[in-house]
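Dear colleague,

I am handing over the structure that I would like you to look at, and below it you will find notes on the side-chain contacts. Please read them with the structure open beside you.

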Amino acid sequence: MLVGNKIDQESSRMVSRDEGNKFAKKYSMLFIEASARTCEGVQIAFEELVQKIIQTPGLWQNDQHSQGFRPGDTDKPTESSGCTYC
Ligand SMILES: Nc1nc2c(ncn2[C@@H]2O[C@H](COP(=O)(O)OP(=O)(O)OP(=O)(O)O)[C@@H](O)[C@H]2O)c(=O)[nH]1
């Protein structure tokens, strides 16, 4: 998902909505504009993302060969499969 942030700063916009839409389409991504400051578009971004995940079984169905932790997994993730950022 591509999220164009800071839509509350319309006067400083650098990327048009159309440009964002076209870029997202080119790379087969969902596109949404939002503002972390005013929260506009934030809830819909999460809703659309979850909707997409639910509609794409390959993202969450159990796969013996996959690594990491997926919804529906009953085992705890291994240390090496945890988030490397936090
Ligand atoms: N007006 C406005 N400011 C925002 C928004 N989201 C983030 N900011 C501000 O942008 C600055 C950077 O925010 P960060 O959360 O640190 O984002 P970052 O990705 O680490 O950094 P940047 O690439 O500079 O955006 C902070 O001063 C935030 O308060 C938004 O939607 N609207």
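A salt bridge here is a side-chain nitrogen of Lys or Arg that lies within 4 Å of a carboxyl oxygen of Asp or Glu. Please keep in mind throughout that this is a predicted model. By that criterion the structure holds 4 salt bridges, and I describe several of them in turn.

One of them joins glutamate 10 to arginine 13, with the closest N and O atoms 2.9 Å apart. Glutamate 10 is partly exposed, at a relative accessible area of 46%, and arginine 13 is likewise partly exposed, at 30%.

Arginine 13 also meets the side chain of glutamate 33 in a salt bridge, at 2.9 Å from N to O. Because arginine 13 lies in the loop between strand E1 (2-4) and helix H1 (17-26), while glutamate 33 belongs to strand E2 (residues 31-33), this pair ties together parts that are 20 residues apart in sequence. Glutamate 33 has a relative accessible area of 11%, and it therefore counts as buried, since that term applies under 20%.

Another salt bridge is formed by lysine 22 and aspartate 18, whose closest N and O atoms are 3.0 Å apart. Both residues lie in helix H1, where they are 4 residues apart, which is about one turn of the helix. Lysine 22 counts as exposed, with a relative accessibility of 53%, whereas aspartate 18, at 44%, counts as partly exposed.

Turning to the aromatic rings, how many aromatic pairs does a search of the whole structure find? The search finds 1 aromatic pair. The pair consists of phenylalanine 23 and tyrosine 27, whose ring centres are 4.9 Å apart and whose planes stand at 45°, so the arrangement is described as tilted. As for their accessibility, phenylalanine 23 counts as partly exposed at 42%, and tyrosine 27 is partly exposed as well, with a relative accessible area of 47%.

With kind regards

Note on methods. Residues are numbered from 1 along each chain as its sequence is written. This is a predicted model: local features need pLDDT of at least 70, side-chain atom pairs count only at pLDDT 80 or more; totals for chains, interfaces and linings use all residues. Side-chain values use heavy atoms; hydrogens and water are left out. Buried means under 20% relative accessible area, exposed over 50%, partly exposed in between (1.4 Å probe, protein chains only). Helices (H or I, at least four residues) and strands (E, at least two) are DSSP runs, numbered from the N terminus. Rings of Phe, Tyr and Trp (its six-membered ring) pair if their centres lie within 6.5 Å; planes under 30 degrees apart count as stacked, over 60 as edge-to-face and the rest as tilted.
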